[in-house]
Amino acid sequence: MQEMMLESAIKAEEEERNRIANELHDSVLQQMVACGMFTQNLHDKVNGAPELKEDVAKLHSLIRDVITEARDMSHNLKPAHFETSTFPELIIQLSRQLTRDSGVEFKVKNFLDDEFEMEIHTKTNLYRVLQELCTNVIKHSGGEQVVISFEIVDSRFYLTVQDDGVGYREKSEESSGIGLKNVKSRIYRIGGEIEFADANPNGLQVNIEVDL
């Protein structure tokens, strides 16, 4: 019953992510872009009032910042072209954004063939797992670098996330709450296995294995 409830919660979460992402992209972002164009035109029309022109320029800059943040939020909820992008492409985009926004350096080691395809259900769950793991690293590890690597060996998909932070503690698994439960449930629902272990020489290493 607990597993069924968690499965239902994850499904509802994914549907809500998609709904909010679509609303942000199709409504809020479009209106903000229109506001940005309006203020730019207003700035060009202001003459003989330097202070007013400067204020309009500041307003235009603020609107551009809001557009960038809203676009990042939409991408986090559901990256553009998620269905048509390959798994490596999505993870490279994610790593670049995380590096830019967090101050932690995220590196990707991709050992997959260029023509590699992954079923959408598996890709979605692995992507959400990586988002959760990377967020935990940023918030709790105190590390400065994360290496994400993935490869296929004998029809099995191997994904590793390793940081150079404080490492694994038994109590961390109990205190991480719904986030870690979601991670485990997503991996189990695609027929995978997940392991948390101390990395060498320090940090946490998460090993994920999925039979494709």
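A salt bridge is taken here as a side-chain nitrogen of Lys or Arg within 4 Å of a carboxyl oxygen of Asp or Glu. By this criterion, Arg156, Glu209 and Asp211 are linked in a network of salt bridges. The structure is a predicted model, in which local features need pLDDT of at least 70 and side-chain atom pairs count only at pLDDT 80 or more, while totals for chains, interfaces and linings use all residues. Residues are numbered from 1 along each chain as its sequence is written, and side-chain values use heavy atoms, with hydrogens and water left out.

The protein contains six helices and five strands, where helices (H or I, at least four residues) and strands (E, at least two) are DSSP runs numbered from the N terminus. Along the sequence, these elements follow the pattern α-α-α-β-α-β-β-α-α-β-β. Of the 212 residues, 38% are buried, with buried meaning under 20% relative accessible area, exposed over 50%, and partly exposed in between (1.4 Å probe, protein chains only). The accessible surface of the protein comes to about 12800 Å², of which 51% belongs to carbon and sulfur atoms; these areas come from the Shrake-Rupley method with a 1.4 Å probe, and for residues only the protein chains shown count as cover. Among contacts (heavy atoms within 4.5 Å) with a separation of 6 or more, 70% are accounted for by residues 24 or more positions apart.

Four salt bridges are present in the structure. In general, side chains of opposite charge can pair when their charged atoms come close. Glu209 is partly exposed, with a relative accessible area of 21%. A further salt bridge joins the side chains of Glu54 and Lys58 (3.7 Å, N to O); because these residues are four positions apart in helix H2 (residues 50-77), about one helical turn separates them. Both ends of this pair are partly exposed, Glu54 at 45% relative accessibility and Lys58 at 49%. In the salt bridge between Asp101 and Arg100, the closest N and O atoms are 3.0 Å apart; Asp101 is partly exposed, with a relative accessible area of 49%, whereas Arg100 counts as exposed at 52%.

Helix H4 (residues 120-141) has 22 residues and should span 32 Å at 1.5 Å a residue, which agrees with the 30 Å between its end C-alpha atoms; the expected span is 1.5 Å times one less than the number of residues. The N-terminal end of H4 is capped by Glu119, a side-chain oxygen of which lies 3.1 Å from the backbone nitrogen of His121. After H4 comes Gly142, with a positive phi near 70°.

At the surface, Met1, Met4 and Met5 form a nonpolar patch with about 420 Å² of accessible area together. Such patches are made of residues with over 30% relative accessible area and no salt bridge, like charges being joined within 9 Å and nonpolar side chains (Val, Leu, Ile, Met, Phe, Trp, Tyr) within 5 Å. Met4 is found in helix H1 (residues 2-45) and is exposed, with a relative accessible area of 59%. Pro201, in the loop between strand S4 (192-198) and strand S5 (204-211), likewise counts as exposed, at 71% relative accessibility. Pro201 and Gly167 are 34 residues apart in sequence and 9.5 Å apart in space, C-alpha to C-alpha.

Note on methods
A polar contact is a pair of N or O atoms within 3.5 Å; within protein, one must be able to donate a hydrogen and the other to accept it, and residues adjacent in sequence count only if both atoms are side-chain atoms.
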